[in-house]
Amino acid sequence: GKTKAAEVSASLIYLMAGASMAIPALCLAGMMSGDCFNRIVISFLVMEFCVGLFMPVAGTLRSKYVPDALQGAVLNIFRLPLNAIVVAGTYATDVWQAETVFSL
């Protein structure tokens, strides 16, 4: 019913985004013949469209499952490890070659 509309929308958006990112992967792996440039550009446009669609859905899901009083604390808890990964990755590019860092 209508109570699961946001969850279903999020799932479909994730599915469409994943499928759109499969196209560049297949093109760059040499598994698709023909001109891949246009396919890759279109697939990235579809991905950006999915990101734009997902933002309102994420807000709906967040308000549905995370209590208002705890939203700030919960979101900041998830930002801390992400920021640690970004700092570690940035530092790693100063220490190792880019090929090594991006292969991790």
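Which residues are buried in H1? The legends below take up this question and others on a predicted model.

**View 1. The buried residues of helix H1.** Ala6, Glu7, Ala10, Ile13, Ala17, Ser20, Pro24 and Cys27 are buried in H1. Helix H2 is part of what covers these buried residues. An α-helix has 3.6 residues a turn, so residues three or four places apart point the same way.

**View 2. Helix H1 from end to end.** H1 runs over residues 5–28. Its 24 residues should span 34 Å at 1.5 Å a residue. The end C-alpha atoms of H1 are 35 Å apart, which agrees with that expectation.

**View 3. The largest nonpolar core.** The core is built from 9 residues: Ala6, Ala10, Ile13, Ala17, Cys50, Phe54, Val57, Ala58 and Leu61. Two helices, H1 (5–28) and H2 (36–65), each give at least two residues to this core. H2 provides the largest share, 5 residues. In soluble globular proteins, nonpolar side chains tend to be buried together.

**View 4. Ala10 and its contacts.** Ala10 is a member of the largest nonpolar core and is buried in H1. Leaving aside residues up to four places away in sequence, Ala10 touches Phe54, Val57 and Leu61. Phe54, Val57 and Leu61 also belong to the core.

**View 5. The salt bridge between Lys64 and Glu7.** The structure has 1 salt bridge. Lys64 pairs with Glu7, and their closest N and O atoms are 3.0 Å apart. Lys64 sits in helix H2 and Glu7 in helix H1, so the pair ties together parts that are 57 residues apart in sequence. Side chains of opposite charge can pair when their charged atoms come close.

View 6. Are Glu7 and Lys64 buried or partly exposed? Glu7 has a relative accessible area of 18%. Buried means under 20%, so Glu7 counts as buried. Lys64 has 39% relative accessibility and counts as partly exposed.

View 7. Tyr91, Val95, Trp96 and Leu104 make a nonpolar surface patch of about 520 Å². Val95 lies in helix H3, which covers residues 71–95. The relative accessible area of Val95 is 47%, so this residue is partly exposed.

Conventions: Residues numbered from 1 in each chain as written. Predicted model: local features only at pLDDT ≥ 70, side-chain atom pairs only at ≥ 80, totals over all residues. Heavy atoms only, no water. Patch = residues over 30% accessible without salt bridge, like charges linked within 9 Å, V, L, I, M, F, W, Y side chains within 5 Å. Areas by Shrake-Rupley, 256 points an atom, 1.4 Å probe, with all protein chains shown as cover. Salt bridge = Lys/Arg side-chain N within 4 Å of Asp/Glu carboxyl O. Helix = DSSP H or I, 4+ residues; strand = E, 2+ residues; numbered from the N terminus. Buried < 20%, exposed > 50% of the residue type's maximum accessible area, 1.4 Å probe, protein only. Core = buried A, V, L, I, M, F, W, Y, C linked by side-chain atoms within 4.5 Å. Contact = heavy atoms within 4.5 Å. Expected span 1.5 Å × (residues − 1).
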